[in-house]
Amino acid sequence: MAEVLTKTGLVSSWRGDSQRHHHRRVSTVPNTCSFVSGAGRFPSLKIKSQILRSWSSSSEFQGKKLVFRVRGLPNRFRASTGAQMSYRIGKVQKWWEKGLKPNMKEVTSAQDLVESLLNAGDKLVVVDFFSPGCGGCKALHPKICQLAEMNPDVQFLQVNYEELKSMCYSLNVHVLPFFRFYRGAHGRLCSFSCTNATIKKFKDALAKHTPDRCSLGPTMGLEERELLALSANKDLSFTYSPKPLQPANEEFATETAPSTESLLSSLIHNYEVSKERTLTTSGR
C-alpha cells in the first residue's frame with residue numbers, strides 16, 4: 001500500500017511539474033510582441049518583408065491570439081490585411097500647353113473662333129495656327145508665350161491644325177506656323193508665316209497694331225467670304241446667313257436707290273463696253 005501511494009505521489013508530482021514547466025513556457029510568450037532593432041530600423045526593406053511574412057504565418061499560439069508589430073517602419077510599409085498599393089501618374093503636359101498665359105486660349109471649333117473674334121471688341125487678336133508635329137511651331141512657342149506675357153491686352157488664339165484641319169482648309173491656311181491679326185471694325189489687319197529665325201516679322205506687326213485705338217463700327221471678325229466658306233463646309237457644324245444692309249433713313253434710300261431697270265441697263269452697258277474693248281484688243 002505504501003508503495004502504491006509512493007508511485008501515485010510521484011506521478012502527481014511529475015504532472016504538476018510538467019504543467020508548471022509548460023505554463024512557464026507559455027508565459028514567456030506575451031500576447032503582444034514587439035520587435036525593434038538596436039538602431040530602430042531594419043537594414044533593408046527585404047529583411048522587413050521577410051520578418052513580417054515569417055511572423056504572420058501563425059496567428060494563434062495555444063489558443064491565444066498573437067499580434068506582431070514592427071516599430072520604426074513608415075506607415076506605407078506596415079503589414080495590413082488586404083493592403084493595396086496605388087500609383088498616381090500625372091498628366092504629361094504637351095509642348096503647346098506649356099507656358100500659356102491668361103490671355104492665351106485654344107480654339108475648339110469654328111463657332112468658337114468666330115465668337116472669340118467678335119467678343120474681343122477693340123482688342124488686338126492674334127490667331128496662331130500650329131501643328132503638334134511642326135518643329136518650327138514648337139521652337140517658336142516659347143517666344144510667343146513670352147510676347148503674350150509682355151502684351152497682356154492682346155488676345156492670342158491658338159488653332160490646332162491637326163484637330164481643325166477642315167476649318168483651316170476653309171480659311172486658306174496651308175503653311176505653318178501661320179498668324180493672322182484682327183482688330184475691331186477693321187477686321188483682318190495682316191496675315192503671314194514666320195519661324196523662329198524670322199520672329200522680327202511678328203514683333204514688328206505686334207508693335208504696329210498694338211497701340212490703343214477706337215473702332216467707329218461693330219467688330220468685324222472674319223470676312224464674309226470666310227464665313228460663307230465655313231458655313232459651306234459640311235464637315236463643320238457652323239451656319240451663317242448674310243444679313244442685308246438696311247440704310248438708317250428709308251426716305252433717302254428710296255430716293256437714291258436705283259431701280260431694277262436702271263441696274264439691268266447699267267450691267268448691259270458695262271458688258272457691251274467690255275466686249276468692245278476685248279474685240280479691239282484682239283484686233284477684230
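Student: What percentage of the 284 residues in the protein is buried?

Tutor: The model is predicted, so to speak of local features requires pLDDT of at least 70, side-chain atom pairs count only at pLDDT 80 or more, and totals for chains, interfaces and linings use all residues. Residues are numbered from 1 along each chain as its sequence is written, and side-chain values use heavy atoms, with hydrogens and water left out. Buried means under 20% relative accessible area, exposed over 50% and partly exposed in between, with a 1.4 Å probe and protein chains only. By this criterion, the buried share of the 284 residues is 28%.

Student: How many helices and strands are there in the protein?

Tutor: Helices (H or I, at least four residues) and strands (E, at least two) are DSSP runs, numbered from the N terminus. The protein has 9 helices and 9 strands.

Student: Where do the side chains of β8 lie, buried or exposed?

Tutor: In a regular strand the side chains alternate between the two faces of the sheet. In β8, one side carries F178, R180 and Y182, and the other carries F179, F181 and R183. Of the 6 residues in β8, 6 are buried. Both faces are therefore covered, as judged by the under 20% limit, and the residues on them are buried.

Student: What is the bridge partner of F178 in β9?

Tutor: Two strands pair if DSSP finds at least two bridges between them. β8 is joined to β6 by 6 bridges in the antiparallel sense, and F129 has F178 as its bridge partner in β8. β8 also pairs with β9 (residues 187-193) in the antiparallel sense over 6 bridges. There, the partner of F178 is S193.

Student: Which residue takes a positive phi in the hairpin of β8 and β9?

Tutor: This hairpin has 3 residues between the strands. The residue with a positive phi, near 45°, is G184.
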